[in-house]
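Reader: I am new to protein structures and would like to learn how to look at one. Could you show me the sequence and the model, and then take my questions?

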Amino acid sequence: MKTLLVAALLLAPVASHAACSATDFAISDFKMKSTGSGTGMRLSLAGQLTNHCASPAAAQIRIEAKDAGGKVLQSKQGWPAGTANIGPGQSVSFDLGRLFRYESDMQDYTVSVSEVKTW
């Protein structure tokens with residue numbers, strides 16, 4: 001019984017640190033820009049991802065390109081910091097435009113945090 005109590009006390013501090021979640025990250029300054037023309041059209045879908053969690057963590061973001069009616073035409077995901085954690089209060093820049101193939105029907109873009117993990 002004493003062993004169980006000691007183990008529980010040792011694990012209590014670990015359990016009190018809740019894992020980071022998608023709501024602990026903020027996306028700001030998201031902008032869409034296109035360059036070129038015709039088949040050479042390139043997209044820039046760039047912004048900043050900031051960690052507001054109390055510990056280092058990484059977040060995967062999802063960008064959806066939609067038509068005027070809100071139908072999702074393309075959806076892509078990426079890890080702005082790669083396989084590195086982002087420190088508390090720190091930001092990283094991202095641009096996932098290279099993952100998208102330009103379509104003239106693209107009218108709106110939404111960006112969100114889809115997954116959080118610690119590397």
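This is a predicted model: local features need pLDDT of at least 70, side-chain atom pairs count only at pLDDT 80 or more; totals for chains, interfaces and linings use all residues.

Reader: Which residues have the most contacts inside the largest nonpolar core?

Author: In soluble globular proteins, nonpolar side chains tend to be buried together. Here the largest nonpolar core has 19 residues. Those with the most contacts inside it are F25, L49 and F100.

Reader: Which strand gives the most to this core?

Author: Several strands take part: β2 (42–51), β3 (58–66), β5 (91–95) and β6 (108–117) each supply at least two residues. With 4 residues, the strand that gives the most is β3.

Reader: How are the rings of F30 and F94 arranged?

Author: A pair of aromatic rings is described by the distance of the centres and the angle of the planes. For F30 and F94, the centres are 6.4 Å apart and the planes are at 25 degrees. Planes under 30 degrees apart count as stacked, so this pair is stacked.

Reader: How many residues apart in sequence are the parts that this pair of F30 and F94 ties together?

Author: F30 lies in strand β1 (residues 25–35), while F94 lies in strand β5. The pair therefore ties together parts whose separation in sequence is 64 residues.

Reader: How is the aromatic pair of W79 and W119 arranged?

Author: W79 is in the loop between β4 (72–78) and β5, and W119 is in the segment after β6, 40 residues apart. Their rings are 5.3 Å centre to centre, with 70 degrees between the planes. Planes over 60 degrees apart count as edge-to-face, so the arrangement of W79 and W119 is edge-to-face.

Reader: Which residue forms a salt bridge with R101?

Author: The structure holds 1 salt bridge. R101 is exposed, with a relative accessible area of 59%. In its salt bridge, the closest N and O atoms are 3.7 Å apart, and the partner of R101 is E103.

Definitions and conventions
Residues are numbered from 1 along each chain as its sequence is written. Side-chain values use heavy atoms; hydrogens and water are left out. A nonpolar core is a set of buried Ala, Val, Leu, Ile, Met, Phe, Trp, Tyr and Cys residues joined through side-chain atoms within 4.5 Å. Buried means under 20% relative accessible area, exposed over 50%, partly exposed in between (1.4 Å probe, protein chains only). Rings of Phe, Tyr and Trp (its six-membered ring) pair if their centres lie within 6.5 Å; planes under 30 degrees apart count as stacked, over 60 as edge-to-face and the rest as tilted. A salt bridge is a side-chain nitrogen of Lys or Arg within 4 Å of a carboxyl oxygen of Asp or Glu.
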